Amino acid sequence: MTLKGGATSACAACKYQRRKCIPECLLAPYFPADQTKVFQNAHKLFGVSNIVKILRSLDPSQHAEAMRSIKYQANVRDRFPVYGCLGVIRQLYYQIQMLEEEMHTVLTQLEMYRQHHHHQQQQQQHQHQHQISSMADDVISQLELGMASSNNALPLFNQVTHQPYTMQNTYSSSDIDSPPKDNVENNSLWIQHLFFDTNNHGTSNNDSPIAIQSQLLVPNSEPLADTQHQVVQDYDEIHPFFDSIDDRQSYIDTKDAEDSSSSEESLKETTQLMVGNVGSKDLKSAAACFSLASVN
Amino acid sequence: MSSSSYSSSPCAACKFLRRKCMPDCIFAPYFPPEEPQKFANVHKIFGASNVSKLLNEVPTFQREDAVNSLAYEAEARLKDPVYGCVGAISVLQRQVITLQRELDATNANLFRYAYNEMPPLRPPPPPPPSAAGQSSGFYYPYQWNDPSDEDNERSSGGNM
């Protein structure tokens, strides 16, 4: 279209219609002269009159957005003549469906891993708590027993050799005669042996409390708990006996009753205390010693 | 022309246009008289002549789909004169982008969990709507370049 007086070139719409592009042309801002194909697509689908009708039904502030959508719709229809924008929408719906399905699959797998991880953590926590509780019980028993001194052990209890620390082999690899598991009383004696033995060795072996712990870790914890209580009770009874028997240890072993300076009453008390902790065979031998001593 | 032997009722298009519905009427198979609103919408937005030209360019077996898509677009444009069916496209495209990002993050999480045995991270929050770069916030998924034009449509401010 020819221009007059240096006026701006006609828009693509006016150029197509072969008419003068007036300044008030509604389509001029949206169809510049160099975008003829865009206008052709829009004109092919909507038509100029219909586009102008749509623009006139809207507020001027909405014209730009409306023209963008119109041009987009026309271009898509040119690209896809049969389905147009509906084809694009269907494609997007399908994409969304595929993504949601994939997300569901991934989340399911993630949940499986989470549960597995949580289960493993619970198992580890349970094992850790079990270890802590057994150690705590051992510490408590030590405190209640109150044996921190490096008192020399009695020969009676000194026959036990020190056992190295083994968690798993409390009974199987022990050098000490393993106590019968059914006899709780013997278990208590056996535990006392171990305790005194480790005390005899003093603090040279840092694993002594652990050794005690290892010995206390019997397969059945309930009998052990009863045994520990029994140890406490027995030990309370034994404690004054140890204090009084220090001077008399050699007396019992060597049968040198004549050298002893203690009275018969104290000996009787000693024998009474010993009866509660010593077997019947030992009692008889001790009684024999006393009888010989009393004769002389 | 005698209309007495003419038994078939006119199609919705011919009824709307108040013209005789010929046997070879291009609209008749796709605009039955029981659906008058369908043609009315299409005619209001696109115009009968434009629809006729479009149908003539499409193979016969695809004309029904073409008519249905035009009917859908016309109805959408009547409901939303500014954006029409393009509004739905923009919403769906954003949804696709968001889902894709979430899926990527979840896959990364799964990978970390499976191979490193570390607790999974939370997926990142969706990006702000301004990522589309449009003043209206609408996203146009298909970029259309005019092959005959030197300038792309970016000069007109469109992502098209």
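**Exercise 1. Determine how many helices and strands chain A has, and the order of its elements.**

Step 1. Chain A of this predicted model holds 11 helices and zero strands; helices (H or I, at least four residues) and strands (E, at least two) are DSSP runs, numbered from the N terminus.

Step 2. From the N terminus on, the order is α-α-α-α-α-α-α-α-α-α-α.

Step 3. Of the 296 residues in chain A, 38% are buried, where buried means under 20% relative accessible area, exposed over 50%, and partly exposed in between (1.4 Å probe, protein chains only).

Conventions: residues are numbered from 1 along each chain as its sequence is written, and chains are lettered from A and ligands numbered from 1 in the order in which they are written. Local features need pLDDT of at least 70, side-chain atom pairs count only at pLDDT 80 or more, totals for chains, interfaces and linings use all residues, and side-chain values use heavy atoms, with hydrogens and water left out.

**Exercise 2. Describe the interface between chain A and chain B by contacts and buried area.**

Step 1. In contact (heavy atoms within 4.5 Å) are 54 residues of chain A and 59 residues of chain B.

Step 2. The buried area, meaning the accessible area (1.4 Å probe) that two parts lose on being put together, summed over both, is about 5,200 Å². Carbon and sulfur atoms give 63% of this area.

Step 3. On the chain A side, Arg68(A), Tyr72(A) and Leu99(A) lose the most area to chain B, together 14% of what that side buries.

**Exercise 3. Find the salt bridges between the chains, and the helices of chain A that touch chain B.**

Step 1. Chain A and chain B share two salt bridges (a side-chain nitrogen of Lys or Arg within 4 Å of a carboxyl oxygen of Asp or Glu). One of them joins Arg77(A) to Glu73(B) at 2.9 Å, N to O.

Step 2. Helices H2 (36-45), H3 (48-56), H4 (63-79) and H5 (84-145) of chain A each supply at least two residues to the side that touches chain B. The largest share, 22 residues, comes from H5(A).

**Exercise 4. Identify the residues with the most contacts inside the largest nonpolar core.**

Step 1. A nonpolar core is a set of buried Ala, Val, Leu, Ile, Met, Phe, Trp, Tyr and Cys residues joined through side-chain atoms within 4.5 Å.

Step 2. The largest has 52 residues, and Leu27(A), Phe31(A), Phe27(B) and Phe46(B) have the most contacts inside it.

Step 3. Not counting residues up to four places away in sequence, Leu27(A) touches Ala13(A), Val48(A), Ile51(A), Val52(A) and Leu55(A).

Step 4. A second, separate core of 21 residues includes Leu99(A), Cys85(B), Val86(B) and Val96(B).
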